[in-house]
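Work through the exercises below with the sequence and the 3D structure at hand, and try each task before reading its solution.

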Amino acid sequence: MGDANEIGSNPVTPGRVSAAATPPISAPPSQFHSPSLTRSPLLYSADDHIQPANKTPKNSTPRIRTPRFITPLGSPIRRALKLTRLDPHDAWLPITESRNGNAYYAAFHTLCSGIGIQALVLPVAFTILGWTWGIINLTLAFIWQLYTLYLLVQLHESAETGMRYCRYLQLCGATFGEKLTKSVALVPVMYLSIGTCVTLIIIGGSTLKMFFNLVCGGTCTAQPPTTVEWYLIFTSAAVLLSQLPNLNSIAGVSLIGAITAIGYCTIIWIVSVVEGRLPGVSYNPVKANSEVNRIFNVLNALGIIAFAFRGHNLVLEIQATMPSDEKHPSRVPMWKGVKVAYTLIAMCLFPLAIGGYWAYGQMIPRDGSMLTALFAFHGQDTPQFILGLTSIFVIISGLSSFQIYGMPTFDDMESVYVKRMKKPLPWWVRAILRALFGYICFFVAVAMPFLSSFAGLVGGISLPVTLAYPCFMWLKVKKPKVFSPTWWLNWALGVLGIALSGILIAAGLYVLIDTGVEFSFFNPQ
């Protein structure tokens with residue numbers, strides 16, 4: 001009401017201003033536009049103000065000095081001025097350094113981050129849940145995570161405060177407070193970044209070894225590299241690609257990663273279905289020796305399904321690469337890109353889960369994936385070209401995913417220097433930091449090569465980031481009417497997500513202890 005009293009709907013003619021008065025101050029572009037390719041962020045302080053311009057000829061006032069959000073109808077200027085508040089460091093950090101993104105880039109990044117090797121484990125969940133409950137749970141999980149993805153896209157920019165929340169943890173901190181964010185969100189979000197990169201090194205190095213054995217076979221006289229050396233080769237390639245400076249600059253890499261991910265998913269399920277069901281295949285759910293084991297197996301299967309959906313921790317970062325203003329908010333092209341990406345993701349996940357379970361049933365390796373099953377059951381009767389192409393696609397997709405999942409960690413490391421030194425990071429320091437990150441991930445992959453077996457446990461840990469926290473953040477920021485359908489829906493989904501996370505973590509630990517995992521430290525096979 002205060003704003004309405006100060007600013008009417010008709011323009012006000014200003015009084016005469018003496019020559020000694022403070023000159024008008026140009027307003028920088030809206031927060032939603034900045035920073036772009038420049039590495040010198042525009043700053044705005046609370047002391048700056050805009051004075052109405054006198055009626056002078058149009059050519060006497062440079063166009064660039066006229067704020068874009070001032071309209072002839074006298075829109076709420078005070079509210080609009082809030083949109084100019086910036087984080088002065090954003091122009092120097094890899095996530096927000098360039099804001100040239102569009103709906104196509106959003107689709108590329110979302111596809112590359114949203115589909116990966118974890119989708120090949122879905123048939124393992126069906127061996128526990130069976131046909132009916134497997135399809136129902138996969139469908140419900142897909143709809144749920146798509147809804148929370150929509151919430152995150154809408155929460156990226158706030159018209160009330162003029163802020164763009166360009167990082168998942170930044171939005172959590174503004175919503176829940178810094179202390180609570182560090183307690184409940186920091187570990188799962190950082191694991192989804194660093195842990196995914198470690199897993200990609202394990203899978204990428206192992207697939208390189210499979211490809212070498214496939215191509216070379218017993219004809220090569222040279223000594224083949226060891227598994228650790230394959231990990232090192234994959235890591236070195238990933239570190240080399242990581243030298244691209246910012247998130248927008250890897251759009252082409254994400255496109256290649258998305259194409260290869262769709263490619264190997266499609267090849268694997270088509271070959272599995274064309275080759276037909278294995279002799280003696282059974283679709284009866286695996287029976288446990290006790291009721292407790294059965295319950296925990298079911299919960300672990302739900303964790304595997306939750307693990308298949310990833311990338312929510314990167315949605316705000318992807319949207320931050322887009323320009324935005326009040327007339328053209330970034331949520332519009334972002335949601336267009338997300339819809340295209342998740343249509344393609346659904347076309348990969350559901351055929352993989354259903355077709356893989358139909359082809360292999362209970363015979364699919366419990367500690368492997370459909371890629372392992374393809375080589376184990378059809379390695380002899382499938383053309384080597386197809387097997388080799390599938391392996392190459394897995395390797396390229398892994399290298400591409402490494403870049404986008406490593407970007408939040410790159411951003412965090414570089415922000416320490418930028419905030420302390422108040423200037424951009426030199427290119428050689430950036431190169432050293434990213435190489436250091438890559439080879440630390442390599443060390444962890446060599447030290448703990450069994451991490452890729454923790455699909456159910458990881459699904460439980462990351463589930464709140466995907467399914468629960470966005471609902472609570474929506475309630476806190478948007479403040480829907482109490483007891484309205486939206487209020488009930490978000491509270492129900494948020495509480496259910498937190499409860500499921502705790503149960504799935506317990507179930508994942510129980511299954512690991514019950515079935516046993518070979519903890520082969522520093523002994524990758």
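**Exercise 1.** Which residues in α9 meet which residues in α13?

Solution. The model is a predicted one, and the first step is to locate the two helices, α9 at residues 251–275 and α13 at residues 370–378. Their axes lie 10 Å apart and the helices pack at an angle of about 40°, in a crossing that is left-handed. On the α9 side the contact residues are I268, W269, V271, S272 and E275, and on the α13 side they are M370, L371, L374 and H378. Sorted by type, the residues of this contact comprise six nonpolar, two polar and one charged.

**Exercise 2.** Describe how α9 and α14 cross, and sort the residues of their contact by type.

Solution. Helix α14 covers residues 384–421, and its axis comes within 8 Å of the axis of α9, with a crossing of roughly 145°. The crossing of α9 and α14 is left-handed. Among the residues that make the contact are G257, A261, Y264 and I268 of α9, together with L389, F393, S397 and I404 of α14. The residues of the contact of α9 with α14 divide into 13 nonpolar, eight polar and no charged.

Conventions
Residues numbered from 1 in each chain as written. Predicted model: local features only at pLDDT ≥ 70, side-chain atom pairs only at ≥ 80, totals over all residues. Heavy atoms only, no water. Axes fitted to C-alpha atoms, helices over the stretch in contact; angles between N-to-C directions. Helix = DSSP H or I, 4+ residues; strand = E, 2+ residues; numbered from the N terminus. Left-handed = near helix turned anticlockwise from the far one by under 90°. Contact = heavy atoms within 4.5 Å. Nonpolar A, V, L, I, M, F, W, Y, C, P; charged D, E, K, R; others polar.
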